[in-house]
Amino acid sequence: MLQMTDLYTAASRGSLREVQAALLVHPEQLNSRRRGGRMLPPLHLAADMNREPEIINALVDAGAELEHEGSAGHTAVYYAAHHTSPRALRALLRHGARVTGAALQHAATAGSDAALGLLLAADPAAVNIAGLDGRTLLWSAAGSQSQPA
């Protein structure tokens, strides 16, 4: 028998059945930040904690906001790229999630060619988007010692 849990826990665990059940009982949690702990919406937790695109699909289909920012100002794409999760990243991009400079930088820093390739294929012009440090991916790749403008 499936034990009832909140949507945050279900998204973190990566159980599609738990997510579907939690969506029925706790729809108000879909785009809200967790009170205490990581302060991330369920979609971010799914991208961060597991690699299952089915969880991403279920949350987005239920109305999760792709561009919703967690407490640190990052979207779910950032967390999928940061944790080198190409399957979760592919699902987010298929749903129309926006490529961010921070996501590009983290995919490059983590050495995830797969995640970096997915991000750049989704938006080739993203190489010109500044990341958290104000540098573009091209600037970082060039290894320039000059300061960003």
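**Salt bridges and core**

Author: Glu-52 is partly exposed, with a relative accessible area of 30%; buried means under 20% relative accessible area, exposed over 50%, and partly exposed in between, with a 1.4 Å probe and protein chains only. The side chains of Glu-52 and Arg-87 meet in a salt bridge, at 3.6 Å from N to O. A salt bridge here is a side-chain nitrogen of Lys or Arg within 4 Å of a carboxyl oxygen of Asp or Glu. This pair links distant parts of the chain, 35 residues apart: Glu-52 sits in the loop between helix 3 (42–49) and helix 4 (53–61), and Arg-87 in helix 6 (residues 86–94). Helices are DSSP runs of H or I with at least four residues, numbered from the N terminus.

The model is predicted; local features need pLDDT of at least 70, side-chain atom pairs count only at pLDDT 80 or more, and totals for chains, interfaces and linings use all residues. Residues are numbered from 1 along each chain as its sequence is written, and side-chain values use heavy atoms, with hydrogens and water left out.

The structure holds three salt bridges. Another of them joins Arg-98 to Glu-67, with the closest N and O atoms 3.2 Å apart. Arg-98 lies in the loop between helix 6 and helix 7 (101–109), and Glu-67 in the loop between helix 4 and helix 5 (76–82), so the pair ties together parts that are 31 residues apart in sequence. Arg-98 is partly exposed at 43% relative accessibility, and Glu-67 is partly exposed at 30%.

There is also a salt bridge between Glu-18 and Arg-13, whose closest N and O atoms are 2.9 Å apart. Glu-18 counts as buried, at 13% relative accessibility, whereas Arg-13 counts as exposed, at 52%.

Now the core. A nonpolar core is a set of buried Ala, Val, Leu, Ile, Met, Phe, Trp, Tyr and Cys residues joined through side-chain atoms within 4.5 Å. The largest one has 44 residues, and Ile-56, Leu-43 and Leu-92 are among those with the most contacts inside it. Helix 1 (7–13), helix 2 (16–25), helix 3, helix 4, helix 5, helix 6, helix 7 and helix 8 (113–122) each supply at least two residues of this core. Helix 5 gives the most, with six residues.

Ile-56 touches Leu-43, Ala-46, Ala-47, Ala-88, Ala-91 and Leu-92, leaving aside residues up to four places away in sequence; contact means heavy atoms within 4.5 Å.
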